[in-house]
Amino acid sequence: MSSTTPQDVLSTEKMNLRAALIERIGGYMTAHAIGVAADLALADLIGTGSRTSDELAAETRTHEPSLRRLLRTLVAVGVAAEPEPGRFTLTDIGSQLRSDSPDSLRNFARMFCHPIFLTSWSSLHHSVTTGERAFDHVYGSGIYDWLAQHGETSALFNEAMSEESRISAGQLAAAYDFPATGTVVDLGGGDGTLLTAILGARPGLRGIVFDSPSGVAEAPATLSKAGLADRCEVRAGDFFQSVPGGGDLYIIKSVFQDWGDGEARAILRTCRAHMPASATLLIVGTVLPETADTSAPVAFFTDINMMVMTGGRERTESEFRAMLEETGFTVRSVGHGQAGPLSVIQAVPATAA
Ligand SMILES: C[S@@+](CC[C@H](N)C(=O)[O-])C[C@H]1O[C@@H](n2cnc3c(N)ncnc32)[C@H](O)[C@@H]1O
């Protein structure tokens, strides 16, 4: 005898809502599946052609029946396709996991699905309960101190940042009217990807990449490869202590979200103290909508990712304005979405306003 009651038979609408929630609950499974695909370089092996799961298992030295199940899951989330049973191709989304793609996100996927991220995120509950950084709770230090002691992961982190930066740098170089001459200082400039795009577009400009010693480790190679070593200096330092003086334009991209308000203000005060009164500061990063909505889900994810990983946060335009005004700057303009998904805030020292 069936024990189903009329209340248990859900309407199609209810079933769809149920499926929508279940799919979201499975988000972490999607991330794990893409992370393993990136680690195994499956997209490089499939390339523009098609490969069977037998071939892929042999080349990756994996267990074929399990690999095939992983590949089918990648099909289910739109990363791969299975045109005939057991044979796999990449979709346009999945092609971005190829290392040779100019807009590759392979290292980005490997980093964000790396155990330091996944383990920290498994302590999200701790962050929400205490307000503390999950990363520090798990690893016993801040992420940048930890990366300074773990060269291989630090290199992967810098590569992941540069995969994101390469695209937004191109968009910023095209969208912002950079001066033809002078010196651009990129604070927290990592491996120099952003300055490479800017100096490439403006042959009369000079640059300084400024970051921590581990942050700038790959910058000399990036600049030499782009033929820019003679126009761009690499300087290691700490932006809480000082930043290079004498620049005309100071860029600080994807940095403030790493820090809480006290630290973010401290970085701005260091900039204010060292940059000439005639210089301009460009903050490039996410600007959150004043109230949450579904228009920019990645921005809200990066916000909570910062809560877990660095103790930082994303900010709204009014929060940025308040922070800049308190630290001696005047906001000249806010270009929402001027660099792809990122916005550009232009500020000048208040005395120059
Ligand atoms: C999220 S990454 C952004 C890198 C780069 N601007 C980009 O958009 O790809 C933040 C950068 O801040 C650097 N950083 C962290 N602490 C720093 C410090 N005290 N002084 C200088 N740079 C620092 C990190 O090494 C890292 O390169």
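Me: How do helix H15 and helix H17 lie relative to each other, oblique or parallel?

Reply: H15 and H17 are oblique to each other. This is a predicted model, and everything below should be read with that in mind. The general idea is to take the angle between the two axes and see which class it falls in. Here the axes of H15 (residues 261–274) and H17 (residues 317–326) cross at roughly 50 degrees. Angles under 35 degrees count as roughly parallel and 65 to 115 as roughly perpendicular, so this pair is put in the oblique class. The two axes come within 9 Å, and H15 passes H17 in a right-handed crossing.

Me: Which residues make the contact between H15 and H17?

Reply: From H15 the contact uses Asp261, Ala264, Arg265, Leu268 and Arg269. H17 brings Met323, Leu324 and Glu326. Sorted by class, the contact of H15 with H17 has four nonpolar and four charged residues, with no polar ones.

Me: At what angle do H12 and H13 cross, and how is the pair classed?

Reply: The axes of H12 and H13 cross at roughly 25 degrees and come within 8 Å. H12 and H13 are therefore roughly parallel to each other. Their crossing is right-handed. On the H12 side, Ser162, Ser165, Arg166, Ala169, Gly170, Leu172 and Ala173 take part, and they meet Thr193, Leu194, Ala197 and Ile198 of H13. The class count for the contact of H12 with H13 is six nonpolar, four polar and one charged.

Me: What lines the second largest pocket?

Reply: Its lining has 16 residues, and those nearest the centre are Ser162, Arg166, Asp191, Thr193 and Thr222. Ser162, Arg166 and Thr193 were also named above, in the contact of H12 with H13.

Me: Which helices supply the lining of the second largest pocket, and which has the largest share?

Reply: H12 (151–175), H13 (193–201) and H14 (219–225) each supply at least two residues of the lining. The largest share is that of H12, with seven residues.

Notes: Residues numbered from 1 in each chain as written. Predicted model: local features only at pLDDT ≥ 70, side-chain atom pairs only at ≥ 80, totals over all residues. Heavy atoms only, no water. 1 Å grid on protein atoms, 1.4 Å probe; cavity = no way out; pocket = protein on both sides within 12 Å on 5 of 7 lines; lining within 4 Å. Helix = DSSP H or I, 4+ residues; strand = E, 2+ residues; numbered from the N terminus. Axes fitted to C-alpha atoms, helices over the stretch in contact; angles between N-to-C directions. Parallel < 35°, antiparallel > 145°, perpendicular 65-115°, else oblique. Left-handed = near helix turned anticlockwise from the far one by under 90°. Contact = heavy atoms within 4.5 Å. Nonpolar A, V, L, I, M, F, W, Y, C, P; charged D, E, K, R; others polar.
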